[in-house]
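Hi! Here's the structure I promised to pass on.

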Amino acid sequence: MTLSVGDAAPEFSLPDQDKQVVSLADLRGTPVLLVFYPFAFSGICTGELCQLRDELSTYTDAGVKVMAISTDPVFSLKAFREKEGFDFPLLSDFWPHGATAQTYGVFNDKAGMALRGTFLIDKQGVIRFAEANQPGEARDQDQWKRALKTL
């Protein structure tokens, strides 16, 4: 992984499921949890994001803005969000394909998808937690909750 704790989080601007552009720079002053995932509607990804949905108040109560990022097009993300009832934005890193995942060091070139990368970014834009799991490896979200104490 190219990014680690203490690094400045790379800026990005990506469309969400409703084609509204979300920029990390616009969120400065607010802690952000970025959850990269391979594909909408896939088994492990759905399970992880549903757990995040069910435990979202853990993050929002701490003032953290949660955003999930994949290389899926916005139309797939909209359908995925509606089907699963996610209350956080799903951002599309579709074009240029995987550019944001690449800057965070969590892009699988051979498969053309994001890895399961997770980054907790503080109010100043500094990474306070970073992990990357390979395809097929589910994440332990308890680590994310423990990382909230670093903010």
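A search through the whole structure turned up 0 disulfides, a disulfide being a pair of cysteine sulfur atoms within 2.5 Å. Cysteine 45 isn't in one: the nearest cysteine sulfur belongs to cysteine 50, and that is 11 Å away. For cysteine 50, the closest cysteine sulfur is the one in cysteine 45, at 11 Å, so that's too far for a bond.

Before I go on: this is a predicted model, where local features need pLDDT of at least 70 and side-chain atom pairs count only at pLDDT 80 or more, while totals for chains, interfaces and linings use all residues. Residues are numbered from 1 along each chain as its sequence is written, and side-chain values use heavy atoms, leaving out hydrogens and water.

Are those cysteines buried or exposed? Cysteine 45 is buried at 0% relative accessibility, and cysteine 50 is buried too, at 13%. (Buried means under 20% relative accessible area, exposed over 50%, partly exposed in between, with a 1.4 Å probe and protein chains only.)

Now for helix α3, residues 74–84. Helices (H or I, at least four residues) and strands (E, at least two) are DSSP runs, numbered from the N terminus. Val74, Leu77, Phe80 and Glu84 are buried in α3. They span an arc of only 120 degrees around the axis (taken from the directions from the helix axis to the C-beta atoms), so they sit on the same side of α3. The face turned away from that buried side carries the exposed Phe75, Glu82 and Lys83. After α3 comes glycine 85, with a positive phi near 70 degrees.

Cheers!
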